[in-house]
Amino acid sequence: MRELGGPMTNDTVIQDAVDALARQVVAEQSPAELPLFNATAARYRADPSGTLAAGGKVDETLGFGVETAVVLLAPFALELVKRVFTQLADKLGDSAADSIAGRVSALFRPDPHEGKSPDADVALTPEQLALVSQTAREQAAHLKMPTAQADALANAVVAALATRP
């Protein structure tokens with residue numbers, strides 16, 4: 001499996017789509033994490049393996065001196081979505097993955113008219129959704145998290161795409 005930052009044709013489009021879709025998944029599955037999403041995503045991009053090896057844990061000191069570890073879903077959502085796009089590029093080719101990524105970015109853009117491309121008005125086809133679903137489920141099984149959580153994460157990725165207009 002290739003990595004983002006490798007020979008994909010437009011890494012910025014893919015990275016924007018990964019961030020947008022992962023943010024939507026986190027909003028649905030763990031909305032309390034949204035204020036931390038950008039910082040978590042930056043940490044993940046800087047050290048994906050280290051962030052995932054830590055199990056998505058963030059050590060926090062509460063106001064009264066008690067330390068706690070919070071397990072975040074965001075690093076796993078980012079990893080799963082990145083794996084989905086990487087697999088789509090492997091299966092369909094870079095230009096098809098870029099096209100899907102452009103559509104995904106447009107779906108979750110706050111201003112739907114900003115940066116509009118010809119692909120922006122086209123929802124993912126049923127075949128593309130089926131491929132995303134299959135790929136998300138396959139890749140979720142490789143995440144180091146409980147199976148039920150991995151399945152829920154894969155379902156959330158597909159649901160986020162399937163329920164957008």
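Let's start inside helix 1 (residues 11–29), where Asp-19 has its place. Asp-19 is buried, at a relative accessible area of 15%, where buried means under 20%, exposed over 50% and partly exposed in between (1.4 Å probe, protein chains only). The model is predicted, so local features need pLDDT of at least 70 and side-chain atom pairs count only at pLDDT 80 or more, while totals for chains, interfaces and linings use all residues. Residues are numbered from 1 along each chain as its sequence is written, and side-chain values use heavy atoms, with hydrogens and water left out.

**Overall layout**

- The protein has 7 helices and 2 strands; helices (H or I, at least four residues) and strands (E, at least two) are DSSP runs, numbered from the N terminus.
- Along the sequence, the pattern reads α-α-α-β-β-α-α-α-α.
- Of the 165 residues in the protein, 44% count as buried.
- Taking contacts between residues at least 6 apart in sequence, 66% join residues at least 24 apart, with contact meaning heavy atoms within 4.5 Å.

- Leaving aside residues up to four places away in sequence, Asp-19 touches Phe-37, Arg-45 and Leu-78.
- Helix 1 packs with helix 5 (residues 94–107) at an angle of about 45°, and their axes are 8 Å apart; axes are lines fitted to C-alpha atoms, for helices over the stretch in contact, and angles run from 0 to 180 degrees between N-to-C directions.
- That angle makes helix 1 oblique to helix 5: angles under 35 degrees count as roughly parallel, over 145 as roughly antiparallel, 65 to 115 as roughly perpendicular and the rest as oblique.
- The crossing of helix 1 with helix 5 is left-handed, a term for the near helix being turned anticlockwise from the far one by less than a right angle, with clockwise giving right-handed.
- Helix 1 brings Val-13, Ile-14, Asp-16, Ala-17 and Leu-21 to this contact, and helix 5 brings Ala-97, Asp-98, Ala-101, Gly-102, Val-104 and Ser-105.
- By class, the helix 1 and helix 5 contact has 7 nonpolar, 2 polar and 2 charged residues; Ala, Val, Leu, Ile, Met, Phe, Trp, Tyr, Cys and Pro count as nonpolar, Asp, Glu, Lys and Arg as charged, and the others, Gly among them, as polar.

**Helix 4 and its two partners**

- Helix 4 (residues 74–92) and helix 6 (residues 126–140) pack at about 125°, with 9 Å between their axes, and are therefore oblique to each other.
- The contact involves residues including Leu-80, Arg-83 and Val-84 of helix 4, and Leu-131, Val-132 and Gln-134 of helix 6.
- The residues of the helix 4 and helix 6 contact divide into 8 nonpolar, 4 polar and 3 charged.
- Helix 4 passes helix 6 in a right-handed crossing, and its crossing with helix 7 is right-handed too.
- The axes of helix 4 and helix 7 (residues 147–162) come within 11 Å and cross at roughly 60°, which makes helix 4 oblique to helix 7.
- Phe-76, Ala-77, Leu-80 and Val-81 of helix 4 meet Leu-153, Ala-154 and Val-157 of helix 7, giving 7 nonpolar, no polar and no charged residues.

**Pro-126 in helix 6**

- Pro-126 has its place in helix 6 and counts as exposed, at 63% relative accessibility.
- Pro-126 and Ala-162 lie 36 residues apart in sequence and 8.8 Å apart in space, C-alpha to C-alpha.
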